[in-house]
Amino acid sequence: FVVLVVFVAADNYFHRYLPAARSAAVCADANDFVKFQNKQFRVVNVVDGDTLDINFPDENFGDTRIRLLGIDTPETKNPRTGKMYFGDEAYKFAETAALNKNVVVILDQTKPSRDRYDRLLAYIKLPDGRILNEILLADGYAYADLRFSHKDFDLYTELMTQARESKLGLWKQVKFEQLPQWLQKKWQNTQPQM
């Protein structure tokens, strides 16, 4: 009898609460698509080369923080890594390109809309129609983030390869040990020519 009571209680719990938690997560993504997808906002702050804030309230914050999807720029403010090679240049480039500009937010419908820090993951279309994420890669201010898949993964990998082979931006003088740790691990056995 006790086993039956425990089984019924567990069954009620799983059917009542877990679907609600799953649907809340799905709704959060759906809500982000409704609020942000293909909509225009003003960039009010550039945190570093791959992170910026737009003028739209987000939960408990006055602005929404966006992490540029598919790229990683050298750190400028991370206490664990310190300022990395070419971090200032990437930050200044992103700031010049986007700060105080009206941009369009584009989400990847194949991925969750948020990262583990609750930042919105997005591509940013600049007023001239170009995608900021792609410009940062093509001009050598960013690495293609090979850790996570997204709809433009192959394109971003190719943009990084072209910038590296052309010695653009950071690729002109970067040394292997100056690469982000995740990229060093990825390339440890196949170190491409720098």
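**Exercise 1. Is D152 buried or exposed, and which salt bridge does D152 form?**

Solution. 
- Start with accessibility. D152 has a relative accessible area of 18% and is therefore buried. The cut-offs are under 20% for buried and over 50% for exposed, with partly exposed in between (1.4 Å probe, protein chains only).
- Note the source of the coordinates. This is a predicted model, in which local features need pLDDT of at least 70 and side-chain atom pairs count only at pLDDT 80 or more, while totals for chains, interfaces and linings use all residues. Residues are numbered from 1 along each chain as its sequence is written, and side-chain values use heavy atoms, with hydrogens and water left out.
- Find the partner. D152 forms a salt bridge with K151, and their closest N and O atoms are 3.1 Å apart. A salt bridge needs a side-chain nitrogen of Lys or Arg within 4 Å of a carboxyl oxygen of Asp or Glu.
- Check the partner. K151 has 48% relative accessibility, so K151 counts as partly exposed.
- Look for a network. Salt bridges with shared partners join D50, R67, D72, D145 and R147 into one network.

**Exercise 2. Describe the surroundings of D32.**

Solution. 
- Locate the residue. D32 is in helix 2 (residues 18-36).
- Read its accessibility. The relative accessible area is 3%, so D32 is buried.
- List contacts, meaning heavy atoms within 4.5 Å. Leaving out residues up to four places away in sequence, D32 touches Q37, L107, S113, R114 and L120.
- Find the polar contact. The side chains of D32 and R114 make one at 2.8 Å. The term requires a pair of N or O atoms within 3.5 Å; within protein, one must be able to donate a hydrogen and the other to accept it, and residues adjacent in sequence count only if both atoms are side-chain atoms.

**Exercise 3. Which residues does R119 meet?**

Solution. 
- Locate R119. It lies in the loop between strand 5 and strand 6.
- Read its accessibility. R119 is buried at 18% relative accessible area.
- List contacts. Neighbours within four places in sequence aside, R119 touches T51, R65, R67, S113 and R114.
- Compare sequence with space. R119 and R67 are 52 residues apart in sequence and 6.0 Å apart in space, C-alpha to C-alpha.
- The side chain of R119 reaches the side chain of D115 at 2.7 Å.

**Exercise 4. Check the span of helix 3, then find its buried face.**

Solution. 
- Compute the expected span, which is 1.5 Å times one less than the number of residues. Helix 3 (residues 87-98) has 12 residues and should span 16 Å; its end C-alpha atoms are 16 Å apart, which agrees.
- List the buried residues. They are G87, A90, A94, A97 and A98.
- Look down the axis. The buried residues fall within an arc of 105 degrees, so they line one face of helix 3. The arc is taken over directions from the helix axis to the C-beta atoms.
- Find what they pack against. The partners are strand 1 (39-48), strand 2 (51-54) and helix 4 (132-138).
- Look past the end. Just after helix 3, N100 has a positive phi of about 65 degrees.

Methods
Helix = DSSP H or I, 4+ residues; strand = E, 2+ residues; numbered from the N terminus.
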